[in-house]
Amino acid sequence: MLTIGTLANIKHILQKELFDGSGERLLSVVTVTKTFKKKDKRACYLCVVTTAPPVPVVTLCLIKQSEQRESEYKRKRSWQLDEIKWVDGRNEQFETHEFDIQLEKLYKWYALNLHERQNFLAVLNRQIQKSVRGARAEFRNVPIAWLSEKSPEKIAAGRAGPGNVTQKPTNTDDEEDEEEAQEFTALTDKEANELGKLFSECDFAIKDAEQFIEQLSRELHDLDGANMQSVLASEQKVLKMMEHIDNAITEADKFETRLDTYEDILGHVKETMEKIGGKNAMIEIANNNNIKLMKELNKVISQLDLPHSQQQALDDPDLKTAVGRKAAIAAAQCLQQAMNSDIDPSLLRLEAVQDQRKRFEKWKQKFSGTVSRFLNNLFIHLGNEIGDMPLTSTELTLPNHSNVHRELTPYTELMHWSKAMDRKTYDGLMRVYTASLSKIYDRDVRNFFNLAKMQVSDKLRSSREDLDMSTSSRKSAVSTIPYGTLGINRDQWGPGVDSADRVRFDALLEKVLAELEPIALQEQLFCINFFQMDVISPTTKNTQTTLEVEKDRGIEMSQSFNASTASPTSGTTEGAAVPQKRIDRQINEDVRKLMMGLFGCLEPELVSFIQSFERVDSFYSLYVLVRLTQHVMSAQDTHSFLSMTFASALVQVKRNFDRFMQQQLQSIKEAKLPKRSKAILPYVENFENFAQTAEGIFRKSDRRTDMEKWYLQLVNAIFEGISIHSQEHPKTPSQVVRMENYHHMYALLAQLKVPGLDALKKEAKSRYNDALKAYVTQYFGRPLEKLNLFFEGVQQKVAQGVKETEISYQMAFSKQELRKVISQYPAREVKKGLENLYKKVDKHLCEEENLLQVVWHAMQEEFIAQYNYLEERIQKCYAGAMINLEFNIQDILNFFSDIARSH
């Protein structure tokens with residue numbers, strides 16, 4: 001049973017532990033157990049709870065104590081008040097502990113405390129009447145006084161003692177709710193001890209409450225009287241204390257008056273100090289302004305100042321000597337720095353600044369003109385000097401003009417200055433350099449390729465007019481079929497080139513390409529450095545100097561656009577990457593444009609060199625494709641002029657290669673058999689030499705995949721051609737043509753060991769086996785024809801229902817008839833027939849493929865299979881008749897072996 005202290009505290013504990021956190025208030029609580037679990041030690045509480053205004057929601061909650069920790073409580077269930085159907089108090093007697101509540105099901109409870117039960121039912125009824133709209137729950141077997149009055153707790157509070165003679169008027173519903181909402185404050189330990197002590201001194205308090213109340217009233221009256229006497233005794237002390245307070249107030253007024261006087265004095269001092277501080281601030285501002293102005297003027301003067309020695313160097317530069325050239329370059333760089341100095345736009349309006357900028361412009365124009373004339377004459381002189389030198393060397397080398405680069409290298413910084421300060425002069429000098437050097441390179445390149453053509457072979461130089469560069473010089477009176485055409489017999493090919501000439505051409509082509517690379521790359525690197533082509537625009541702000549501020553602003557805007565293009569300031573990595581790619585593309589295009597002007601004839605000469613030999617032998621296109629691909633793929637700078645030139649020539653070579661392979665494919669499809677043709681078709685025989693040559697070229701090349709693609713098309717076309725032309729062969733049976741050609745292709749593909757042709761190799765073997773089987777079936781036939789016909793009739797009878805053991809009783813298939821048929825095939829006649837068959841097979845087959853013994857062995861296997869079939873039929877249909885053929889399997893093996901050895 002719960003103690004009185006525990007029951008008093010439970011409402012406060014539940015309010016603090018569960019409902020304060022969710023903003024709810026506990027109106028009433030009753031400690032219960034279920035009716036059939038009265039002895040359950042775990043506490044269980046039914047609570048009436050409401051939420052905070054303005055729209056309070058009242059619910060009925062079931063709270064249980066945790067099994068692990070007794071101080072922890074959990075809310076298990078909650079019901080709205082409108083879910084309650086009825087409440088049954090079981091009995092109107094106060095001592096009844098049980099009561100029932102009908103919700104979604106019937107709950108039967110046992111209250112541990114009768115006063116809690118009474119208060120809970122009263123509060124629950126009042127909240128249902130107040131909150132539920134519509135049908136309300138019915139209360140059964142509950143005293144009417146509980147349902148009409150306030151809760152018993154409030155009634156008990158109204159009876160605090162006999163001293164409360166007058167009663168307060170009846171509270172309204174809202175006031176009652178407020179009272180119910182007040183938190184219950186539990187007794188502290190000290191208060192509980194004092195209360196226990198009081199009860200122990202008054203033993204009659206429990207028996208006679210009215211006497212106890214009267215005693216408490218008397219003691220309270222005595223305490224009030226003692227308090228009044230104490231107050232009256234302290235009146236004199238209070239008067240004295242008031243006098244001291246008045247004196248303190250008087251002294252405080254005097255002190256405040258003195259403080260006001262001091263404040264007035266300090267106010268005058270403050271005004272004076274503020275005036276002095278303002279004057280000092282103005283003086284400091286003026287000083288700071290003067291200092292800043294002096295700094296700006298010094299900065300402008302230092303930026304626009306040009307020493308007298310440098311002015312003389314700009315007026316009359318000495319570009320021929322190293323000392324004079326060094327002084328001129330230093331003066332030009334100082335002039336560039338001064339003209340591109342960062343000056344505030346407002347300072348540009350100063351007359352002195354404008355006068356200085358006018359002088360800068362004059363010096364720039366005069367110095368730029370001097371540099372332009374000097375470099376222009378130098379470019380023309382170097383071009384004429386080298387161009388007048390005769391070419392006497394017969395070695396296949398391209399002249400190196402590094403001496404020109406050495407002559408021009410000291411003037412690199414002057415060219416950079418021209419690009420930054422005078423773009424028109426810079427462009428003109430670049431055109432003069434290109435025109436002067438291009439004549440030299442054109443002469444060298446043409447002579448280099450002519451010499452290369454002459455060194456290919458004496459045979460080609462003497463017999464081929466197409467070595468001449470003139471397109472009209474090669475005219476052939478008789479059109480011949482190109483050498484190496486697959487679909488044509490070899491005796492109909494035109495004159496060709498042997499393997500040694502091809503190897504010599506490949507070596508020469510490698511030497512030509514190797515000679516071109518260093519010369520072109522050397523010139524490209526020199527031009528990039530000399531003309532500063534790796535920078536789109538110089539890192540300067542002004543390329544021209546004008547006198548008007550508005551024009552200056554416009555120029556600065558245009559140059560800021562160029563600067564943003566050269567070095568974009570995008571916020572993202574992707575935004576900055578795209579302009580950088582555009583810059584690199586523009587630089588590469590400018591370099592290639594300049595190199596194209598210098599080496600304009602390089603690509604035409606290279607293509608003409610290649611085509612001149614491809615016209616002699618189409619197999620040269622295979623060598624060129626492989627060699628050019630190696631140089632393009634191994635190039636360190638894939639965007640260089642030479643790499644792009646090789647790549648362009650490679651595209652043309654690839655087209656020639658595809659054209660050559662397409663011609664080979666078309667020749668196979670259009671092939672026609674001559675009147676006197678061998679069993680091996682021309683394109684099958686020619687493909688062996690073609691494949692071996694191609695494999696020798698493409699074995700370790702990066703272009704092998706291109707060749708393998710054409711392999712597939714060519715081999716498929718050969719297979720189709722064999723199937724078609726085997727029917728058109730004038731003498732040899734179609735089965736033999738297919739068998740020998742497929743065998744030839746299978747052997748060749750197995751020898752090549754090309755991974756991409758493994759499937760076609762298997763197909764060739766399959767077609768070869770099919771052709772061999774077809775040939776054996778047709779030409780071997782059935783040497784024991786009458787025996788086979790005899791047993792075919794036997795098989796028909798068996799199919800009609802005659803038992804195999806009864807066949808001998810049929811007149812046409814009797815034992816005597818069988819012996820007659822067997823007697824027609826003595827061993828001697830069988831061997832003679834096989835000898836005639838061997839001669840026929842020998843006549844059909846060609847010696848190159850060496851398939852005679854293979855075919856003969858296949859015929860032997862076929863004969864043995866037929867013999868076994870006949871023996872089996874004899875044993876089944878004529879068992880016990882002692883009938884056998886006149887020869888056995890050993891005789892057959894001897895027949896075939898003797899015939900093969902005799903021939």
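Here are some friendly notes on the structure shown above, point by point.

1. **What kind of model this is.** This is a predicted model, in which local features need pLDDT of at least 70, side-chain atom pairs count only at pLDDT 80 or more, and totals for chains, interfaces and linings use all residues. Residues are numbered from 1 along each chain as its sequence is written, and side-chain values use heavy atoms, with hydrogens and water left out.

2. **Confidence.** The score called pLDDT is the predictor's confidence in each residue, from 0 to 100. For this protein the mean pLDDT is 76, and 79% of the residues reach 70 or more. Residues 1–5 have a pLDDT below 50, and this stretch has 4 contacts in the model beyond near neighbours in sequence; a contact means heavy atoms within 4.5 Å. Residues 178–184 are also below 50, with 12 contacts beyond near neighbours in sequence.

3. **The overall picture.** The protein has 30 helices and 8 strands. Both are DSSP runs, numbered from the N terminus: helices are H or I with at least four residues, strands are E with at least two. Of the 903 residues, 41% are buried. Here buried means under 20% relative accessible area, exposed means over 50%, and partly exposed is in between, with a 1.4 Å probe and protein chains only. Among contacts with a separation of 6 or more, 70% are between residues 24 or more positions apart.

4. **Strands side by side.** Two strands pair if DSSP finds at least two bridges between them. With β6 (residues 98–102), β7 pairs in the antiparallel sense over 5 bridges, and Glu 98 stands opposite Tyr 110. These two strands form a hairpin with 3 residues between them. Strand β7 also runs antiparallel to β1 (residues 24–34), joined by 3 bridges; there, Val 32 has Ala 111 as its bridge partner.

5. **Aromatic rings.** How many aromatic pairs does a search of the whole structure find? The search finds 24. Rings of Phe, Tyr and Trp (its six-membered ring) pair if their centres lie within 6.5 Å; planes under 30 degrees apart count as stacked, over 60 as edge-to-face and the rest as tilted. Phe 448 and Phe 449 make an edge-to-face pair, 5.6 Å centre to centre with 75° between the planes. The rings of Phe 449 and Phe 609 have centres 5.7 Å apart and planes at 50°, so this pair is tilted. That pair links distant parts of the chain, with Phe 449 in helix α14 (residues 423–454) and Phe 609 in helix α19 (residues 602–614), 160 residues apart. Phe 449 is buried, at 0% relative accessible area, and Phe 609 is buried at 0% as well. Elsewhere, one aromatic cluster is formed by Phe 379, Tyr 426, Tyr 433, Phe 526, Phe 530 and Phe 531.

6. **Charges over rings.** A charge sits over a ring if NZ of Lys or CZ of Arg is within 6 Å of the ring centre and within 35 degrees of the ring normal. The charged end of Arg 140 sits over the ring of Trp 86, 4.4 Å from its centre. Arg 325 lies over the face of Tyr 411, at 4.8 Å from the ring centre.

7. **Two backbone angles to look at.** Most residues other than glycine have a negative phi. Asn 141 is not a glycine, yet its phi is positive, about 55°. Asn 141 lies in the loop between β8 (138–140) and α3 (144–148) and is partly exposed, at 36% relative accessibility. Gln 532 also has a positive phi, near 50°, and its place is in the loop between α16 (499–530) and α17 (549–566).
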